[in-house]
Amino acid sequence: MHGAPLYIAETCPSQIRGTLISLKELAIVLGILLGFFVGSYEIDVIGGWRYMFGFSAPIALLMGFGMWTLPPSPRWLLLRAIQGKGPLQEYKENAIGALSKLRGRPAGDKVSEKQIEDTIISLKTAYTDEEAEGNFLEVLQGPSLKAFTIGGGLVLFQQITGQPSVLYYAGSILQSAGFSAAADAARVSVVIGIFKVS
C-alpha cells in the first residue's frame, strides 16, 4: 500500500503521476466497498466472511502477477550504483532497459539514455557530500526532517481521527449506535464505503 506511491513517483512521467496515485487510492477504496457490499449480503450465512476473501482472491492474483512483470525502478538501480553497491555501467544499462520497458520504447533508445544520464547527474549532485551508508539520525536533520515531519504528521492525523478504525469496525460501531440487526449495520457499512469513494 505504501510502496506503490513510491514506485509510481519514481517511474511515471510527472504529467500523470498524481492521476496514477489517485487511481491506486480509488482501487483500494473500491475494494473496501466491494468487501462491505459482499459482506452485507452474506451476513446471515455461516462463514459468509469467506465470500469477501473469495471475491478478492482473483484480483489479488492478477495484481501479484502484474507486479511480478514490472521492472525495478530505474532511479533505484542508479542510486544503488551511486552508493557503491555495484558497477555503475551495469546498473546504468539495467536502468535504461527498465525505463524503456516502462515507457513502451524499444530497448536502448536515445530518449531513455538521455533521461538516465540526467538522473545520474541529479543523483551524483545530491549524494556528492554524503557517505555511502547513512544512519537513522539523518532523518532528523536538514531537508529530511521536513519530509519526515510531513509524512509522520499525515500518518498520525489519519490514526488520531480514527478513519481506519471506523472502516474496519463499521459493523460493530453501527450495532453499538442502535442498529440492532447485524444485517442492517452491514448495509449501512456499504453507505459508508460509498462516501469513502466520493
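**Labels and their cut-offs**

Author: Happy to. The largest share of the nonpolar patch, 4 residues, comes from α3. Please keep in mind that this is a predicted model, where local features need pLDDT of at least 70 and side-chain atom pairs count only at pLDDT 80 or more, while totals for chains, interfaces and linings use all residues. Residues are numbered from 1 along each chain as its sequence is written, and side-chain values use heavy atoms, with hydrogens and water left out.

Reader: What makes up the nonpolar patch on the surface?

Author: Leu-34, Val-45, Tyr-51, Phe-55, Ile-59 and Met-63 form it, with about 560 Å² of accessible area together. Patch members have over 30% relative accessible area and no salt bridge; nonpolar side chains (Val, Leu, Ile, Met, Phe, Trp, Tyr) are joined within 5 Å, and like charges within 9 Å. The areas come from the Shrake-Rupley method with a 1.4 Å probe, and for residues only the protein chains shown count as cover.

Reader: Why is Val-45 called partly exposed?

Author: Buried means under 20% relative accessible area, exposed means over 50%, and partly exposed is in between (1.4 Å probe, protein chains only). Val-45 has 37% relative accessibility, so it counts as partly exposed. Its place is in the loop between α2 and α3; helices here are DSSP runs (H or I, at least four residues; strands are E, at least two), numbered from the N terminus.

Reader: Why is Leu-154 called exposed?

Author: Leu-154 has a relative accessible area of 59%, so it is exposed. Leu-154 lies in helix α7 (residues 142-160).

Reader: How do you know that Lys-24 and Glu-25 meet in a salt bridge?

Author: The term asks for a side-chain nitrogen of Lys or Arg within 4 Å of a carboxyl oxygen of Asp or Glu. For Lys-24 and Glu-25 the N to O value is 2.8 Å, so the pair qualifies. Side chains of opposite charge can pair when their charged atoms come close. Lys-24 is buried, with a relative accessible area of 14%, whereas Glu-25 is partly exposed at 38%.

Reader: What makes Arg-105 and Asp-109 a salt bridge?

Author: Their N to O value is 3.9 Å, which is within 4 Å, so this pair qualifies too. Arg-105 counts as partly exposed at 26% relative accessibility, while Asp-109 is buried at 13%. The structure holds 4 salt bridges, including one between Asp-118 and Lys-114 (3.2 Å, N to O). Asp-118 and Lys-114 both lie in helix α6 (residues 110-127), 4 residues apart, about one turn of the helix.

Reader: Which helix gives the most to the lining of the largest pocket?

Author: That is α2, with 12 residues. By class, the lining has 32 nonpolar, 13 polar and 3 charged residues.

How values were computed
Nonpolar A, V, L, I, M, F, W, Y, C, P; charged D, E, K, R; others polar.
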